[in-house]
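Here are some notes for a colleague who is opening this structure for the first time. They are arranged as numbered points, to be read with the model on screen.

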Amino acid sequence: MLKSELEDIIGEEFKLDKVLSKNVINILVESMIDSIKNNNRIEIRGFGSFFPKTYDSYNGRNPKTGETILVPEKILPIFRPSKDLITKLNKKKG
Amino acid sequence: MTKKDLANILNKNLGISLKETSKIVDKFFDTIVKNLSEGKDIKLPGFGSIKIQERKSRLGRNPTTGDPIEIAERKAIVFRPSKNLKKKLNYKSDGEDPNV
């Protein structure tokens, strides 16, 4: 499912025009990004949670040249699906 | 951050009543959950994609008794953050742009 399909579904359900429904989805996505960026966990019941996780720097290797390089510390967003969602997914056939 | 916070943000930004924005946020996540549980992937540019992956059945072991048991095949949900999101999380004000 694409962003545009979500926009259409929201627009139709709440009688919003295209510009407004696009705006709604953009604000939701941007707010979620801001939340993770500000180190705030997002918790949506029945769906799951998003949170940032910091990974330490480590010595890696360039697989082509074998040269040792320092991979800097980085933050990655992690998604943990809710148990409900995993159960739902595995109940359906196909 | 919860659905309530998202409804508040929409209400403040768009002037739609809180009652209505709460319903919109519910519908947003319900739609995503519905699609995922039907096995459909979600793609949100600038944020990332949520995909369904098949996990094959494999032999595991009961950690207490050591008995081998078959772990049935199942579907897992995997989130792949977009480059944009990884960049935003790792942006430092000193201009350093770590490889992500």
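1. Is the crossing of H1(B) and H2(B) right-handed or left-handed? The crossing of these two helices is right-handed. This, like everything below, describes a predicted model.

2. The geometry of that pair in chain B is as follows. Helix H1 of chain B covers residues 3-14 and helix H2 of chain B covers residues 18-37. The two pack with their axes 8 Å apart, at an angle of about 125°. H1(B) and H2(B) are therefore oblique to each other. An angle counts as roughly antiparallel when over 145 degrees, and as roughly perpendicular from 65 to 115 degrees.

3. Which residues make this contact? From H1(B) come Lys3(B), Leu6(B), Ala7(B), Asn8(B), Leu10(B) and Asn11(B). H2(B) supplies Leu18(B), Thr21(B), Ser22(B), Ile24(B), Val25(B), Asp26(B) and Phe29(B). Sorted by class, the contact of H1(B) with H2(B) holds 7 nonpolar, 4 polar and 2 charged residues.

4. Chain A has a helix pair to set beside this one. Helix H1 of chain A spans residues 3-14 and helix H2 of chain A spans residues 18-37. Their axes come within 9 Å and cross at roughly 120°. That angle makes H1(A) oblique to H2(A). H1(A) passes H2(A) in a right-handed crossing.

5. On the H1(A) side of the contact stand Lys3(A), Leu6(A), Glu7(A), Asp8(A), Ile10(A) and Gly11(A). They meet Lys18(A), Ser21(A), Lys22(A), Val24(A), Ile25(A) and Asn26(A) in H2(A). By class, the contact of H1(A) with H2(A) has 4 nonpolar, 3 polar and 5 charged residues.

6. A helix packing also links the two chains. Helix H3 of chain A, residues 83-91, packs against H2(B) at an angle of about 40°, with the axes 8 Å apart. H3(A) and H2(B) are therefore oblique to each other. The contact is formed by Leu85(A), Lys88(A) and Leu89(A) of H3(A) with Val33(B), Leu36(B) and Ser37(B) of H2(B). In the contact of H3(A) with H2(B) there are 4 nonpolar, 1 polar and 1 charged residues.

7. Turning to the sheets, how many strands form the open sheet of chain B? The sheet has 3 strands, in the order E1-E2-E5, and the pairing is antiparallel. Strand E1 (42-44) and strand E5 (74-81) of chain B are the edge strands, each pairing on one side only. From one strand to the next, the twist averages 25°.

8. Within that sheet, E1(B) and E2(B) pair in the antiparallel sense over 3 bridges. Ile42(B) stands opposite Ile50(B) in E2(B). E1(B) and E2(B) form a hairpin with 3 residues between them. In the turn, Gly46(B) has a positive phi of about 90°.

9. Strand E2 of chain B, residues 48-55, is joined to E5(B) by 8 bridges, and these strands run antiparallel. Two pairs can be looked up directly. The bridge partner of Ser49(B) in E5(B) is Arg80(B). For Arg55(B), the bridge partner in E5(B) is Arg74(B).

10. Chain A has an open sheet of 3 strands in the order E1-E2-E5, with antiparallel pairing. Why is one side of E1 and of E5 in chain A left without a neighbour in the sheet? Strand E1 (42-44) and strand E5 (74-81) of chain A stand at the edges, each with a single partner strand, so there is no neighbour on one side of each. The twist averages 25° from one strand to the next.

11. In chain A, 3 bridges join E1(A) to strand E2, residues 48-55, and the two run antiparallel. Glu43(A) has Ser49(A) in E2(A) as its bridge partner.

12. Last, the domains. In chain A the domain assignment gives domain 1 as 1-38 and domain 2 as 41-94. The C-alpha centres of these two domains of chain A lie 24 Å apart. In chain B the domain assignment gives domain 1 as 1-40 and domain 2 as 42-90. For domain 1 and domain 2 of chain B, the C-alpha centres lie 25 Å apart.

How values were computed:
Residues are numbered from 1 along each chain as its sequence is written. Chains are lettered from A and ligands numbered from 1 in the order in which they are written. This is a predicted model: local features need pLDDT of at least 70, side-chain atom pairs count only at pLDDT 80 or more; totals for chains, interfaces and linings use all residues. Side-chain values use heavy atoms; hydrogens and water are left out. Two strands pair if DSSP finds at least two bridges between them. Helices (H or I, at least four residues) and strands (E, at least two) are DSSP runs, numbered from the N terminus. Axes are lines fitted to C-alpha atoms, for helices over the stretch in contact, and angles run from 0 to 180 degrees between N-to-C directions. Angles under 35 degrees count as roughly parallel, over 145 as roughly antiparallel, 65 to 115 as roughly perpendicular and the rest as oblique. A crossing is left-handed if the near helix is turned anticlockwise from the far one by less than a right angle, and right-handed if clockwise. Contact means heavy atoms within 4.5 Å. Ala, Val, Leu, Ile, Met, Phe, Trp, Tyr, Cys and Pro count as nonpolar, Asp, Glu, Lys and Arg as charged, and the others, Gly among them, as polar. Domain bounds come from an automatic or database domain assignment.
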